[in-house]
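Biologist: I am new to this structure. Could you show me how to read it, one feature at a time?

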Amino acid sequence: MAAVRSSAHAVPRVVTASPSEVVSPTGADQGFRSAHRLHKTDEYSSVFAFRRALRGRFYIVHYRPNGLDTARLGVVVAKKLAKRANVRNLVKRIAREIFRRQRAELPAMDLVVRLNAPVAKATRAELNLDLLSLLQRLPRQ
């Protein structure tokens, strides 16, 4: 018979809500579901072909009305501008998080957020503010 070990350092796990269950104080869903993402190459291509974009210090936001009831997001980060994978992932994470929080206020558009300048010396706050200001400048329909 095996003895059961008990550790004084064991901490019970805390159950947290998954990101898809996050709801803002106003009652709006703030999850980042599959329906809020661009998946296919054709979806990205159609946004680029629409040829409307807003340029910021670090990001360019390409946009196209999508005829749906919500905005959708795609993120593109070139190795040329962010050499290390962890930096590319950080830039994408920041873009998704800003979009997730702002989605309820955004017009129904397909958005492709593209890195425009090297971010080696940029702070997270600068990246956040740059993208937030671009999303606020989107044309409202």
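Biologist: Of the 141 residues of the chain, what percentage count as buried?

Modeller: Buried means under 20% relative accessible area, exposed over 50%, and partly exposed in between (1.4 Å probe, protein chains only). Here 37% of the 141 residues count as buried. This is a predicted model: local features need pLDDT of at least 70, side-chain atom pairs count only at pLDDT 80 or more, and totals for chains, interfaces and linings use all residues. Residues are numbered from 1 along each chain as its sequence is written, and side-chain values use heavy atoms, leaving out hydrogens and water.

Biologist: Which pattern does the chain follow along the sequence?

Modeller: Helices (H or I, at least four residues) and strands (E, at least two) are DSSP runs, numbered from the N terminus. This chain has 3 helices and 4 strands, in the pattern α-β-β-β-α-β-α.

Biologist: How many residues does the largest nonpolar core have?

Modeller: In soluble globular proteins, nonpolar side chains tend to be buried together. A nonpolar core is a set of buried Ala, Val, Leu, Ile, Met, Phe, Trp, Tyr and Cys residues joined through side-chain atoms within 4.5 Å. The largest one here has 29 residues, and Leu131 is among those with the most contacts inside it. Helix H2 gives the largest share, 6 residues.

Biologist: Where is His62, and is it buried or exposed?

Modeller: His62 lies in strand E2, residues 59–65, and is buried, with a relative accessible area of 11%. Contact means heavy atoms within 4.5 Å; among the residues His62 touches are Phe48, Asp110 and Arg114.

How values were computed
Lists of a residue's contacts leave out its neighbours within four places in sequence.
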